[in-house]
Amino acid sequence: MSFINYASREINCKIVYYGPGLCGKTTNLQFVYQKTAPEAKGKMISLATETERTLFFDFLPLALGEIRGFKTRFHLYTVPGQVFYDASRKLILKGVDGVVFVADSQEERMDANMESIENLRINLTEQGYDLDKIPYVIQYNKRDLPNVVSVDELRKELNPANIPDFEACATTGEGVFETLKAVAKLILIDLKKGK
C-alpha cells in the first residue's frame, strides 16, 4: 500500500525481502545500500533484539522517472529468517507493495525454502494480500556454492507460477540489482494502473 507524500511529491513504496534464515536477505540489502549514491538514500537502520534483526533503508532511484509528477521512493526491508519470528514477519509485511523471495540454492536448504515460501503466502493472506496478485519476484541466491540445486529444480519447487526469477550471488552482487529492478518495475506498473 504505497504512501503518497504530497509535500515532497513522492510516492513511497515498500519492498520486503523474505526467505529462510541465512539465505542472503541482509546481504542483498547491504549490497544495494553500499552501491547507492549517498544523496539518493537514507540511513540504514538495524532493529536488533537479542535474538532477531531487521534491516531497512529507503532510497530514491533517479533513473526511474516520475509518475504523474511524483518521484518514487523505495523502502527496503528484510524479515527475520527463522519462522519462529512470525509475529515480526507479519508486522513487516503490513503495507507491502512488492516482495522479493530470496531462496537459498543449497540442496540442504530446500525444505527451509519451501517452508518459508508457504509461510509468506499464509502471512500475506492474513494481511489481506494474495501472493499471486502482488508484485513478486524470486531470487535463487548462493549460486556460487558447490552443492546447489539446479535452477530447473528450484523453479519446479518454488516457482510453479513462472514469475520473474533471478540467479544471484549476493556476496559479490551478481543478480542483486536485477532482482531489485524487476520488483520495482512490477510495482511501478501497478502504480500506473492506479491500484
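Biologist: In β2, which residue is the bridge partner of I4?

Modeller: This is a predicted model, in which local features need pLDDT of at least 70, side-chain atom pairs count only at pLDDT 80 or more, and totals for chains, interfaces and linings use all residues. Residues are numbered from 1 along each chain as its sequence is written, and side-chain values use heavy atoms, with hydrogens and water left out. Strand β1 (residues 3-5) and β2 run antiparallel and are joined by three bridges; strands are DSSP runs (E, at least two residues) numbered from the N terminus, as are helices (H or I, at least four), and two strands pair if DSSP finds at least two bridges between them. In β2, the residue that partners I4 is I11.

Biologist: Which residue in the turn of the β1 and β2 hairpin has a positive phi?

Modeller: Four residues separate β1 from β2 in this hairpin. The turn contains a residue whose phi is positive, at about 55°, and that residue is R9.

Biologist: How many residues of strand β2 are buried?

Modeller: Buried means under 20% relative accessible area, exposed over 50%, and partly exposed in between (1.4 Å probe, protein chains only). In β2, E10, N12, K14, V16 and Y18 point one way and I11, C13, I15 and Y17 the other way, and all are buried. In a regular strand the side chains alternate between the two faces of the sheet. Strand β2 (residues 10-18) is largely enclosed by the rest of the structure, because the number of its nine residues that are buried is nine.

Biologist: Which residue in β7 stands opposite V16?

Modeller: Strand β2 has parallel partners: it pairs with β6 (residues 70-78) over eight bridges, and four bridges join it to β7. In β6, the partner of K14 is H75. In β7, the residue facing V16 is V99.

Biologist: Is V99 buried or exposed?

Modeller: V99 belongs to strand β7 (residues 98-104). Leaving aside residues up to four places away in sequence, V99 touches V16, Y18, L120, I134, P135, Y136, V137 and V183, where contact means heavy atoms within 4.5 Å. Its relative accessibility is 0%, so V99 counts as buried.

Biologist: How many disulfides does the count come to?

Modeller: A disulfide is counted when two cysteine sulfur atoms lie within 2.5 Å. The count by this rule leaves no disulfide at all. C23, for example, is in none, as the nearest cysteine sulfur, that of C169, is 13 Å away. The number of disulfides is therefore, by the cut-off of 2.5 Å, zero.

Biologist: How many residues apart in sequence are the parts tied together by E167 and R143?

Modeller: E167 and R143 form a salt bridge, with their closest N and O atoms 3.5 Å apart; the term requires a side-chain nitrogen of Lys or Arg within 4 Å of a carboxyl oxygen of Asp or Glu. E167 is partly exposed at 42% relative accessible area, whereas R143 is buried at 19%. E167 lies in strand β9 (residues 165-167) and R143 in the loop between β8 (136-141) and α4 (151-158), so the parts they tie together are separated in sequence by 24 residues.

Biologist: How many salt bridges does a search of the whole structure find?

Modeller: Among them is the pair D104 and R109, at 3.8 Å between the closest N and O atoms. D130 and K133 also meet in a salt bridge, at 3.6 Å. D86, K90 and E126 are linked in a network. For the whole structure, the number of salt bridges found is nine.
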